[in-house]
Amino acid sequence: MSDEEHGGLDGIEEAYEAAEIEQESKRDELLAAWDKSKRAMTGSIVSCPVCHSTFRKTRQNQAFCPVKSRKCKDRFWNTVNDERRERAALMNQ
Ligand SMILES: [Zn+2]
């Protein structure tokens, strides 16, 4: 019977790990898409790393779609920065 309880806990841990991996792969995907968008030439058509809409780059350092209301830049950095904040906290210890 205690085995069953233990299995339950393992299940929770596994689900938690799966969620973490999913979060991490989403971050990797975002970073890869951002890098690709950032490297594209001014004037070329690129896909926004966050909302995946296509747009023409008007500035070399533009990486997100120009639709301000979508807040793609904010959403991107919020997702990516979680890990950075953790790393910074570790380094400050
Ligand atoms: Zn966008």
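This is a predicted model: local features need pLDDT of at least 70, side-chain atom pairs count only at pLDDT 80 or more; totals for chains, interfaces and linings use all residues.
Which element gives the most to the lining of the second largest pocket? Helix α1 does, with four residues. The points below put that answer in context.

1. The protein has two helices and two strands. Read from the N terminus, the order of elements is α-β-β-α. Helix α1 covers 2–39, and helix α2 covers 72–91.

2. **Burial and contacts overall.** Of the 93 residues in the protein, 20% are buried. Take the contacts with a separation of 6 or more: residues 24 or more positions apart account for 25% of them.

3. **Nonpolar core.** The largest nonpolar core holds 13 residues. Those with the most contacts inside it are C48, V50, F64, C72 and F76. Two elements, α1 and α2, each give two or more residues to this core. The largest share is three residues, and it comes from α2.

4. **F76.** This residue is among those with the most contacts inside the core. Which residues does F76 touch, leaving aside those up to four places away in sequence? They are L30, L31, W34, V50 and F64. Two of these partners, V50 and F64, are also on the list of core residues with the most contacts. F76 also lines the second largest pocket, together with L30 and V50.

5. **Largest pocket.** Helices α1 and α2 each supply at least two lining residues. The largest share, four residues, comes from α2. By type, the lining splits into eight nonpolar, three polar and six charged residues.

6. **Second largest pocket.** Here the volume is about 150 Å³. The lining consists of K26, E29, L30, A33, P49, V50, H52, R75, F76 and T79. Again α1 and α2 are the elements that give two or more residues. In this pocket the most comes from α1, with four residues, whereas α2 gives the largest share to the lining of the largest pocket.

7. **T79.** Is T79 buried or exposed? T79 counts as buried because its relative accessibility is 15%, and the cut-off for burial is under 20%. T79 lies in helix α2. Its contacts, not counting residues up to four places away in sequence, are Q23, R27 and L30. Both T79 and L30 belong to the lining of the second largest pocket.

8. **R39.** This residue sits in helix α1. R39 counts as exposed because its relative accessibility is 62%, and exposed means over 50%. Its C-alpha atom is separated from that of N61 by 8.3 Å. Along the chain, R39 and N61 are 22 residues apart.

9. **Cysteines.** How many disulfides does a search of the whole structure find? The search finds zero. C65 is buried, since its relative accessible area is 9%. C51, at 26% relative accessibility, counts as partly exposed. C48 and C72 are among the residues with the most contacts inside the largest nonpolar core.

Methods
Residues are numbered from 1 along each chain as its sequence is written. Side-chain values use heavy atoms; hydrogens and water are left out. A nonpolar core is a set of buried Ala, Val, Leu, Ile, Met, Phe, Trp, Tyr and Cys residues joined through side-chain atoms within 4.5 Å. Buried means under 20% relative accessible area, exposed over 50%, partly exposed in between (1.4 Å probe, protein chains only). Contact means heavy atoms within 4.5 Å. Ala, Val, Leu, Ile, Met, Phe, Trp, Tyr, Cys and Pro count as nonpolar, Asp, Glu, Lys and Arg as charged, and the others, Gly among them, as polar. On a 1 Å grid over the protein atoms alone, a cavity is a set of points where a 1.4 Å probe fits but cannot get out, and a pocket is an open set with protein on both sides within 12 Å along at least five of seven lines; lining residues have an atom within 4 Å of a point. Grid points are joined across faces, edges and corners, and a volume is the space filled by probe spheres set on the points. A disulfide is a pair of cysteine sulfur atoms within 2.5 Å.
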